[in-house]
Amino acid sequence: MIKHINIDPNGLCNAKCWFCPVAYLGNPKDNIGTMSIETMESILKQIHFGRGDFVDPNTVIVNNPIHFNETLLYPYFSDMLRLHRKYNIKMFLFSNGVNLTREKTDLIKKYPDVVTQILLNVPSIEREQWSKFTGFNPKIFDKLYDNLKYANEVFPEFNMYPQILVNGISPGSKVENGGWLEVLENAPFYDDNEHQRIVNKMSEEFPNMGVVLRNNLSDRTSVLSDLNVISNQKAIAKNQKGKVIGCGFKYPDEHLFVSATGNVYLCCADFNYETVYENINNKTIKEIWQSANRQEAIKKAYSDICPGCFRAVWENKNTPPLGSTV
């Protein structure tokens with residue numbers, strides 16, 4: 001049964017963050033688009049009325065639009081929130097903060113029953129450093145800073161407490177069993193004290209937000225390894241024994257992923273949409289979910305892109321998933 005949905009309203013991100021394939025490849029062209037609000041409603045409606053049939057009735061359904069896009073660029077964002085409330089579906093909001101304008105903050109605060117988590121990727125609070133790590137013009141920093149200051153004051157009044165994720169790599173962050181990013185163009189390599197200093201400075205600037213030091217980023221399905229710019233995941237995958245028999249996060253089994261152009265695929269880590277097996281505009285979600293095409297796509301993925309992912313579950317139970325600290 002479906003327990004989670006990932007419906008991406010648009011196929012573009014306006015940032016080029018150091019750890020993201022978009023910085024090196026751009027968003028995949030075949031899935032650049034804007035989902036119509038009619039299609040968005042059709043999906044949410046089918047999920048709502050599918051509870052107890054092909055949707056798990058015992059799970060709070062959350063839309064988690066995280067496939068390398070900026071959700072706040074969606075021109076129908078207000079309608080999107082309204083429809084989530086109408087069909088009793090929650091939403092996690094991911095953003096780089098640049099588009100979290102005062103107007104957007106004022107809109108979001110009206111939907112505390114819908115937006116249950118706000119995660120902001122802001123790798124630095126210092127202008128030039130932030131520009132380098134995100135690919136934005138440094139002149140935009142003042143806009144970002146104003147957005148965060150306003151959100152810091154407004155959201156707590158509505159029991160909404162955004163988290164700021166400070167992404168970087170520090171000495172000692174490498175996981176022995178592999179899979180984490182190690183070498184990247186423009187990667188913010190800090191010594192431990194420097195990374196913590198930035199986190200501390202952000203915590204002082206935005207005391208009402210949770211500021212999280214993140215130094216365990218992964219290459220997911222080894223897209224960046226293919227560019228010869230990063231990780232050791234593929235080398236580690238070669239040392240695994242047996243075959244992939246599942247996903248540690250159960251993405252193929254419990255998650256419905258739909259791109260802005262309506263393509264249905266298996267995994268949020270599938271940057272190039274290699275696992276597309278249907279389009280939402282051609283069949284009902286129930287038909288798609290129960291189709292032979294989905295089962296064939298899962299089988300193919302386990303022998304294709306999944307072996308390069310740290311979430312892979314291998315036939316040999318003594319071999320931990322990539323990225324495990326076991």
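Colleague: Why is Ile-32 called partly exposed?

Modeller: Its relative accessible area is 34%. Buried would need a value under 20%, and exposed one over 50%, so Ile-32, at 34%, counts as partly exposed. Please keep in mind that this is a predicted model.

Colleague: Where does Ile-32 lie?

Modeller: Ile-32 sits in the loop between helix H1 (22–25) and helix H2 (37–49).

Colleague: What makes Ile-32 part of a surface patch with Leu-12 and Leu-73?

Modeller: A patch takes residues with over 30% relative accessible area and no salt bridge, and nonpolar side chains are joined within 5 Å. The 34% of Ile-32 passes that cut-off, so Ile-32 can belong. Together with Leu-12 and Leu-73 it forms a nonpolar patch with about 210 Å² of accessible area.

Colleague: Let's go on to helix H3. Which residues of H3 are buried?

Modeller: In H3 (residues 77–86), the buried ones are Phe-77, Met-80, Leu-81, Leu-83 and His-84.

Colleague: How do you know that the buried residues of H3 line one face of the helix?

Modeller: Looking down the axis of H3, they fall within an arc of 165 degrees, so they line one face.

Colleague: What do the buried residues of H3 pack against?

Modeller: Their partners are H2, strand E2 (62–63), strand E3 (90–95), helix H4 (102–108) and strand E4 (115–121).

Colleague: What makes you say that E4 is mostly covered?

Modeller: Five of the seven residues of E4 are buried, and buried means under 20% relative accessible area.

Colleague: How do you know that E3 and E4 pair?

Modeller: Pairing needs at least two bridges. Five bridges join E3 to E4, so the two strands count as paired, and they run parallel. As one example, Phe-94 has Leu-119 of E4 as its bridge partner.

Colleague: Why is Tyr-273 called buried?

Modeller: Tyr-273 has 11% relative accessibility. Buried means under 20%, so Tyr-273 counts as buried. Its phi is also positive, near 55 degrees, and its place is in the loop between strand E9 (263–265) and strand E10 (278–279).

Colleague: Now the charged pairs. Why is the contact of Arg-102 and Asp-146 called a salt bridge?

Modeller: Their side chains meet at 3.1 Å, N to O. The rule asks for a side-chain nitrogen of Lys or Arg within 4 Å of a carboxyl oxygen of Asp or Glu, so this pair qualifies. Arg-102 lies in helix H4 and Asp-146 in helix H6 (residues 141–154), so the pair ties together parts that are 44 residues apart in sequence.

Colleague: What makes Arg-127 and Asp-142 a salt bridge?

Modeller: The closest N and O atoms are 3.0 Å apart, and the cut-off is 4 Å, so the pair counts. The bridge links distant parts of the chain, with Arg-127 in helix H5 (residues 127–134) and Asp-142 in helix H6, 15 residues apart.

Colleague: How many salt bridges are there?

Modeller: The count comes to 15 salt bridges. Another of them joins Asp-106 and Lys-109, at 3.4 Å, N to O. There is also a network that links Glu-126, Glu-194, Arg-197 and Lys-201.

Colleague: Why is Tyr-111 called buried?

Modeller: Tyr-111 has a relative accessible area of 11%, and buried means under 20%, so Tyr-111 counts as buried. Tyr-111 lies in the loop between H4 and E4.

Colleague: Which residues does Tyr-111 touch, not counting those up to four places away in sequence?

Modeller: Tyr-111 touches Ser-78, Leu-81, Arg-82, Arg-85 and Met-160. The C-alpha atoms of Tyr-111 and Arg-82 are separated by 8.3 Å, although these residues are 29 apart along the chain.

Key: Residues are numbered from 1 along each chain as its sequence is written. This is a predicted model: local features need pLDDT of at least 70, side-chain atom pairs count only at pLDDT 80 or more; totals for chains, interfaces and linings use all residues. Side-chain values use heavy atoms; hydrogens and water are left out. Patches are made of residues with over 30% relative accessible area and no salt bridge: like charges are joined within 9 Å, nonpolar side chains (Val, Leu, Ile, Met, Phe, Trp, Tyr) within 5 Å. Accessible areas come from the Shrake-Rupley method with a 1.4 Å probe; for residues, only the protein chains shown count as cover. Helices (H or I, at least four residues) and strands (E, at least two) are DSSP runs, numbered from the N terminus. Buried means under 20% relative accessible area, exposed over 50%, partly exposed in between (1.4 Å probe, protein chains only). The arc is that of the directions from the helix axis to the C-beta atoms. Contact means heavy atoms within 4.5 Å.
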